[in-house]
Amino acid sequence: MSGDAQVEVAARVPGAAGLGLLVPPAARPLPAVRLADPAWTAGRLAELAERYRSDDRRVLATVWWYSASSVLLTPPPAGLLTGHPLSARLADTTLFELPGGVLVAATTTAGSGDVAGELRTSLAAVVAAVAEAGGMRPRPLWAIATDSLAGRLLALGRAVGDVPRATALAAELAAAVGPPLPAPGHVDVEGVRFVRRVSCCLLYRLPGQPLCASCPRRPAAHREALLADTAARMR
């Protein structure tokens, strides 16, 4: 753990381990600054190319960032939600991965208070690296960051029992970060709140992978029906 600040945050979040705020025993550390290195990221995409049997760098970069951003963007929002600001600086953050390269947790230090400014700088650096490694435009990667932020705060809100406050915080934090980060969205279906996604992870473009239930590429009626089914199972 990277200091006492995140320990205090994790203690206030039921199920903190499952949300990636506590480090599993078998996980190995990965300095978050690696994510801002295009050469390192290209190497990670090469590993994914073998795993998924695909040579589409744009798809691989998108899938990679969809997963990595969710882990990276957990501690700072958790700190804000619990009243104990945590740093969003890459230099203060350590990611943890299981054998095979699956990211499962992130830890950081106490924050300076300018979480939005730190997030803006960190996201800009990582998005630039992923875009270069994937040979793609940055804008779709910013959209993925928005969905990860919205999803992480929704999960944290469910954990602490205050979904409205957590999802409102997602909108406030994204607005403070500013463009090119889009505004996050949520939608209530059958009394359960979900992320209204503004991005596509492109996972369905890889061999044998499905289209996500909440994918914006689905027809709206079909997507709502799938979310209603999920909501019924969650209640």
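These legends accompany several close-up views of one predicted model. Local features need pLDDT of at least 70 and side-chain atom pairs pLDDT 80 or more, while totals for chains, interfaces and linings use all residues. Residues are numbered from 1 along each chain as its sequence is written, and side-chain values use heavy atoms, leaving out hydrogens and water.

**View A. The largest nonpolar core has 64 residues.** Such a core is a set of buried Ala, Val, Leu, Ile, Met, Phe, Trp, Tyr and Cys residues joined through side-chain atoms within 4.5 Å; buried means under 20% relative accessible area with a 1.4 Å probe, protein chains only. Leu35, Trp64, Trp65, Leu95, Leu141 and Leu156 have the most contacts inside it. Apart from this core lies another, of 5 residues, among them Val192, Phe194, Leu227 and Ala231.

**View B. Here is Leu141 with its partners from beyond four places in sequence.** Leu141 is in contact (heavy atoms within 4.5 Å) with Thr62, Trp65, Val127, Val130, Ala131 and Met136.

**View C. Look here for α4, a helix largely enclosed by the rest of the structure.** Helices are DSSP runs (H or I, at least four residues), as strands are (E, at least two), numbered from the N terminus. In α4, 7 of the 8 residues are buried, including Pro75, Pro76 and Pro77. The buried residues pack against α1, α3, β3, α5, α6 and α7. Gly83, with a positive phi near 80°, follows α4.

**View D. This is where α5 meets α7.** Val115, Ala116, Leu119 and Arg120 of α5 meet Leu173, Ala176 and Val177 of α7.

Technical notes
Buried < 20%, exposed > 50% of the residue type's maximum accessible area, 1.4 Å probe, protein only.
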